[in-house]
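Please walk me through this two-part report on the structure below.

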Amino acid sequence: MNFDELVGNFPALTITGLEQGAIYALVALGYTLVYGVLRLINFAHSEVFMVGTFTALWTWEALGYNQNSPSPAFGPLLLALLAGLAVAAIASAATAVTVELVAYRPLRRRNAPPLAFLITAIGASFVLAESFGIGTARAPFGMPTLIKSETVFTVFGAGVTNVQLLILGVTLVMMVGLDQFVNRSRLGRGIRAVAQDADTAALMGVNKNRVILLVFVLGGIMAGVAALLWNVRYGYTKFNIGFLIGLKAFAAAVLGGIGNLRGALLGGLLLGVAENYAAGLFGGDWKDFTGFVLLVVLLMFRPTGLLGESLGRARA
Amino acid sequence: MLLEIKDLTLLYGRIQALHGISLVVNEGEVVALIGANGAGKTTTMRAISGLRPVAQGSIVFDGTDVTRMRADLRVIRGIGQAPEGRGVFPGMTVIENLEMGAYTRRDRAGIAEDMAMVLDLFPRLAERRKQAGGTLSGGEQQMLAVGRALMARPRLLLLDEPSMGLAPKLIQQIFEIITRINEQGTTILLVEQNAQQALSRAHRGYVLETGRIVKEGTGQELLHDPAVKEAYLGVA
């Protein structure tokens, strides 16, 4: 154990942890939204994220960027980021909607048991990952360096980079936007109504299938945004990139209380930070290990997660 | 005729819950459906609102066959329901619950007007407007369920056991409100175990026994029918 590393680099580990956790949190929102309404773990959500990373990359390639391109000036950079964001968000949302229409809705219509949904969820995940695996020859792909990482300011001796600020800023904006949408808008009320009592929601004139589509779209958009941020920060993707991130995001959703939007944010950030502290303390190999130990220990004491389920119960 | 049900059968798995029910609700009426526990009252309501699929027979609302129509589309056509067990959204405030009642409406001014009307009708709800539905007492939840159904401005209001679990004073109050809503032009189909109150307020009534309609008549006729008296009014 390396306490000096943990203590000495505490601020830096915290900042890196928050940055990674923000990406987990954005992906976690997709699990939590779908679970809140359908009581279903959409295991294909990890691939919704993966599709976002590839489509953002292809967008940049179409705009003429490759791994050797110099970082663009502010104007073209903004354009590249926004174009990548739009394409990734749309592609991820479309993927999520396709999974719902192909893998889940037909089963719902036939009143299939929960286990059947679990199998089609895992099946959809494999089909998506493998088709990208085949299509890309299972190769890793590097990204153009759109933003050169530069330290903007320091806190407690730890540098905070422009990329980190971008990730945290975008995550915060998306989170607040989603929270407002779900709690304040008419459609958001429809989502909460179905989550709390689907039959009564129908008696209010809520079209359940439309609400379900909406949560897949919202979760897909969040995953697409996460994918763009991932590309900017980590600079590569691969057909199976979704697996570990998806699993961690799912863990983050459970950690915060699945079905709870703010819980997804809290769980994501907490997981990211804890992982990095563990990496500092035990070495980088222990990073993935820690997240799940943390999850198991926490669930022993709080089985419903930190904030409990809330789309279904209290205010989301 | 606003609602016409013909030969309705409904199954729960292999068990037949309704054996060919026929009933009619005319525009402007209060119609009571009475019967013992398990007679099929709530099942009938769920068939009308579209929550339970029908095996045979037809449901015609305002000239349109709605037998196989989705529940949410029936709401748009004008069928509103305060369901059995109230169905208050526990995590929404009183106001949000009422707004859910107006989910299909877009006329902001009309919604605001009805909100004021409902809060006026149930001052208790006005006092608790910011409170979560799940924290209300049974009586308050019942008021909320009825108020929420009114927010849809339904042409036909289905009330399933609105007096269930309420104190006698509140029961009296709920039935007075039902009469008032009807006088303002809403047609009402009322399911009740409290046959005395229901029949004395209703224009007409039906008696349901084990999934069959065994008697029908005006509210007064049924109130004075010896068999009904013995079975449902607790008088020998």
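## E4(B) and its strand

E4(B) is partly exposed, at 23% relative accessibility. That class lies between buried, under 20% relative accessible area, and exposed, over 50%, with a 1.4 Å probe and protein chains only. E4(B) sits in strand β1 of chain B, residues 3–12.

What does E4(B) touch, leaving aside its neighbours within four places in sequence? Its contacts are L23(B), V24(B), S58(B), I59(B) and V60(B). A contact means heavy atoms within 4.5 Å. The C-alpha atoms of E4(B) and I48(B) are separated by 10.0 Å, and the two residues are 44 residues apart along the chain.

## How the model is read

This is a predicted model, in which local features need pLDDT of at least 70 and side-chain atom pairs count only at pLDDT 80 or more, while totals for chains, interfaces and linings use all residues. Residues are numbered from 1 along each chain as its sequence is written, chains are lettered from A and ligands numbered from 1 in the order in which they are written, and side-chain values use heavy atoms, with hydrogens and water left out.

## G20(B) in strand β2

G20(B) belongs to strand β2 of chain B, residues 15–25. Its relative accessibility is 32%, so G20(B) counts as partly exposed. Residues up to four places away in sequence aside, G20(B) touches D7(B), L8(B) and T9(B). S58(B) lies 38 residues from G20(B) along the chain, and their C-alpha atoms are separated by 9.9 Å.

## Chain B as a whole

Chain B has 10 helices and 10 strands. Along the principal axes, the C-alpha atoms fill a box of roughly 45 × 40 × 30 Å.

Buried residues make up 56% of the 236 residues in chain B. Among contacts with a separation of 6 or more, 66% join residues 24 or more positions apart. The accessible surface of chain B is about 10,100 Å², and carbon and sulfur atoms hold 49% of it. Such areas come from the Shrake-Rupley method with a 1.4 Å probe; for residues, only the protein chains shown count as cover.

Chain B carries 27 positive and 26 negative side chains, with the centres of the two sets 5 Å apart. Lys and Arg count as positive, Asp and Glu as negative; His and the chain ends are not counted. Each charge is placed at NZ of Lys, CZ of Arg, CG of Asp or CD of Glu.

## Chain A as a whole

Chain A comes to 12 helices and 4 strands. Its radius of gyration is 19 Å, close to the 20 Å from the globule rule for 316 residues, so chain A is as compact as a globular protein of that length. Its C-alpha trace spans about 55 × 45 × 35 Å along the principal axes.

Of the 316 residues in chain A, 54% are buried. Residues 24 or more positions apart supply 79% of the contacts with a separation of 6 or more. Chain A exposes about 13,400 Å², and 68% of that comes from carbon and sulfur atoms. It has 21 positive and 15 negative side chains, and the centres of the two sets lie 13 Å apart.

## Nonpolar cores

The largest nonpolar core has 93 residues, and V37(A), F49(A) and W60(A) have the most contacts inside it. A core is a set of buried Ala, Val, Leu, Ile, Met, Phe, Trp, Tyr and Cys residues joined through side-chain atoms within 4.5 Å. Helix α9 of chain A, residues 208–234, gives the most to this core, with 15 residues. A second, separate core has 45 residues, including M151(B) and L222(B).

Which residues does V37(A) touch, not counting those up to four places away in sequence? They are I191(A), V194(A), A195(A), V211(A), I212(A) and V215(A).

## Two loop residues with positive phi

R39(A) is not a glycine, yet its phi is positive, near 55°. R39(A) lies in the loop between α2 (10–38) and α3 (45–62) of chain A. It is partly exposed, at 41% relative accessibility.

A137(A) also has a positive phi without being a glycine, at about 55°. Its loop runs between α5 (114–135) and β1 (141–142) of chain A. Buried or exposed? A137(A) is exposed, with a relative accessible area of 62%.

Definitions and conventions
The radius of gyration is taken over C-alpha atoms; the globule rule is 2.2 Å times the number of residues to the power 0.38.
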